[in-house]
Amino acid sequence: MDTQAIRRTITATAAGHGLDADRLSFTVAPDTLIRTTARIATHLAEMTASLLANLHPPERRLRVCPRAVKPQSLAAGHQ
């Protein structure tokens with residue numbers, strides 16, 4: 001991981017919780033980021049699967065009139 005990205009994450013997290021960024025562990029931060037990212041990815045995959053499972057095509061309308069079938073004599077004479 002990029003050292004600057006980890007430092008920015010530590011600083012943002014510390015500021016959001018009113019903590020001193022220098023007091024947070026630099027070695028624990030990458031593990032925490034990886035676990036959090038994995039949880040977010042899993043949650044996103046579950047949400048996507050749920051949304052896709054609930055998609056249904058619209059109900060088809062019933063025909064107003066049934067199909068007309070040509071009489072055999074007209075169909076045979078057409079050849």
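Along the sequence, the protein chain follows the pattern α-α-α, and its secondary structure comes to three helices and zero strands; helices (H or I, at least four residues) and strands (E, at least two) are DSSP runs numbered from the N terminus. This is a predicted model, in which local features need pLDDT of at least 70 and side-chain atom pairs count only at pLDDT 80 or more, while totals for chains, interfaces and linings use all residues. Residues are numbered from 1 along each chain as its sequence is written, and side-chain values use heavy atoms, with hydrogens and water left out.

The protein chain averages a pLDDT of 79, and 90% of the residues score at least 70, where pLDDT is the predictor's confidence in each residue, from 0 to 100.

Where pLDDT is low, the predicted coordinates should not be read in detail.

Buried residues (under 20% relative accessible area, with over 50% counted as exposed and partly exposed in between; 1.4 Å probe, protein chains only) make up 8% of the 79 residues in the protein chain. Ala29, in helix 2, is buried, with a relative accessible area of 13%. Leaving aside neighbours within four places in sequence, Ala29 is in contact (heavy atoms within 4.5 Å) with Ile6 and Ile10; Ala29 and Ile6 are 23 residues apart in sequence and 6.8 Å apart in space, C-alpha to C-alpha.

Ala29 also belongs to the lining of the largest pocket, as do others including Thr9, Ile10, Leu33 and Thr36. A pocket is an open set of points on a 1 Å grid over the protein atoms alone, where a 1.4 Å probe fits, with protein on both sides within 12 Å along at least five of seven lines, and lining residues have an atom within 4 Å of a point. About 200 Å³ of space lies in the largest pocket, the volume being the space filled by probe spheres set on the points, which are joined across faces, edges and corners. Helix 1 (3-17) and helix 2 (28-53) each supply at least two residues of this lining, and helix 2 gives the most, with five residues.
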